[in-house]
Amino acid sequence: AHFNPAVTSAALFCGKGKMTFSEWIKYVAAQIVGGTLGGLYTGFLNSSTPSANSAVILTKGDGFEMWQAALVEMLFSGLLAYVLLVASLPMQPGTSKPHPLFGLIIASCVTAGGFVAGGISGGLFNP
């Protein structure tokens, strides 16, 4: 369930012992390295058309200001982190069983966020 540093940080700071600080460091480091390598690789693949990467950059939609795009990204990133905590991480310490519908719950959150925030910011949900 640790897709980005925002979700991993939510798991650390939720206060239920779902993650230790040393685990958090490892996850965030791996996410930063993986994101950087993925971005470099994508840039390499699209080097003949630099504008092809514009979809992965936070931009404002028509009729919106940049602060509105940043705000909607923060709100939906927080919502996604909350939904991931509730649906996919173990609810009881010592267990690893997530909610049986966690995939559907998370996908519904991302889909709703895409519909709402897509026209405002592109719906990246990754601060």
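Which helix do the buried residues of α2 pack against? They pack against α1 (5–13). The legends below take this predicted model view by view.

**Figure 1. The whole chain is built from helices and has 0 strands.** There are 4 helices, and the order from the N terminus is α-α-α-α. Helices (H or I, at least four residues) and strands (E, at least two) are DSSP runs, numbered from the N terminus. Buried residues make up 26% of the 127 residues. Buried means under 20% relative accessible area, exposed means over 50%, and partly exposed lies in between (1.4 Å probe, protein chains only). Accessible areas come from the Shrake-Rupley method with a 1.4 Å probe; for residues, only the protein chains shown count as cover. Among contacts with a separation of 6 or more, 57% join residues 24 or more positions apart. Contact means heavy atoms within 4.5 Å.

Residues are numbered from 1 along each chain as its sequence is written, and side-chain values use heavy atoms, leaving out hydrogens and water. In this predicted model, local features need pLDDT of at least 70 and side-chain atom pairs count only at pLDDT 80 or more, while totals for chains, interfaces and linings use all residues.

**Figure 2. Helix α1 has covered residues.** Val7, Thr8, Ser9, Ala10, Ala11 and Leu12 are the buried residues of α1. Their cover includes α2 and α3. Serine 9 sits in this helix. Serine 9 counts as buried because its relative accessible area is 17%. A polar atom of its side chain lies 2.8 Å from the backbone oxygen of proline 5. A polar contact is a pair of N or O atoms within 3.5 Å; within protein, one must be able to donate a hydrogen and the other to accept it, and residues adjacent in sequence count only if both atoms are side-chain atoms.

**Figure 3. Helix α2 spans residues 21–45.** The helix has 25 residues. From first C-alpha to last, α2 reaches 36 Å, close to the 36 Å expected at 1.5 Å a residue. The expected span is 1.5 Å times one less than the number of residues. Trp24, Val28 and Gln31 are buried here. An α-helix has 3.6 residues a turn, so residues three or four places apart point the same way.

**Figure 4. Helix α3 covers residues 66–87.** Its 22 residues reach 31 Å from first C-alpha to last, close to the 32 Å expected at 1.5 Å a residue. Its buried residues include Ala69, Val72, Phe76 and Leu80. α1 and α4 (102–121) are among what covers them. Serine 77 also lies in α3. Serine 77 is buried because its relative accessibility is 6%. Its side chain reaches the backbone oxygen of glutamate 73 at 2.8 Å.

**Figure 5. A nonpolar patch lies on the surface.** Trp67, Leu71, Met74 and Leu75 form the patch, with about 470 Å² of accessible area together. Patches are made of residues with over 30% relative accessible area and no salt bridge: like charges are joined within 9 Å, nonpolar side chains (Val, Leu, Ile, Met, Phe, Trp, Tyr) within 5 Å. A salt bridge is a side-chain nitrogen of Lys or Arg within 4 Å of a carboxyl oxygen of Asp or Glu. Leucine 71 belongs to α3. At 38% relative accessibility, leucine 71 counts as partly exposed.

**Figure 6. Leucine 104 lies in helix α4.** Leucine 104 counts as exposed because its relative accessibility is 56%. Its C-alpha is separated by 9.5 Å from that of alanine 87.
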